[in-house]
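The entries follow the order in which I checked them.

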Amino acid sequence: MIQKSRFELSLIEQKTVAYICSMIKPATQETRSEYYPDSLWQLEYEFDIRAYCKICGIDFNNGKNYVNVKAMLKHLADRSIWIEDEKGEILVRWFSKICINKNSGLIRIEIDRDLVPYLFV
């Protein structure tokens, strides 16, 4: 799926999706979503904005990166993808929720529950 949509994503969006996909893991009793307890995958992830910038090759110290990262995440969250399955077609987004704590520098994202299984096909 990432290969299919990579031409529609900017380079930083591709890196962001790859970074977040690298964190995806099966849900445990502790990490199961309270809203989607039947999901086999952990849907919520938290990461440090500085670590994210370092891994994705973004110079965090230039003063505008917080604003740029925030705008890029919004742009990525606003994008949607049609996925075909045995029941028909479903329109999904990359993220269902993004929270940024400016004081701690932490980003918490929730991946769309219908998208996660297709990220590994």
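I am working with a predicted model, in which local features need pLDDT of at least 70 and side-chain atom pairs count only at pLDDT 80 or more, while totals for chains, interfaces and linings use all residues. Residues are numbered from 1 along each chain as its sequence is written, and side-chain values use heavy atoms, with hydrogens and water left out.

Entry 1, glutamate 44. I located glutamate 44 in strand β1, residues 44-48 (helices, H or I of at least four residues, and strands, E of at least two, are DSSP runs numbered from the N terminus). Its relative accessible area is 30%, so I noted glutamate 44 as partly exposed (buried is under 20%, exposed over 50%, partly exposed in between, with a 1.4 Å probe and protein chains only). Leaving aside neighbours within four places in sequence, I found glutamate 44 in contact with Arg108, Ile109 and Glu110 (contact means heavy atoms within 4.5 Å).

Entry 2, the strand pairing. I saw that β1 pairs with strand β5, residues 106-111, in the antiparallel sense over five bridges (two strands pair if DSSP finds at least two bridges between them). In this pairing, phenylalanine 47 stands opposite isoleucine 107 in β5.

Entry 3, the sheet. I traced an open sheet of three strands, antiparallel in pairing and ordered β1-β5-β4. Its edge strands are β1 and β4 (95-101), each of which pairs on one side only.
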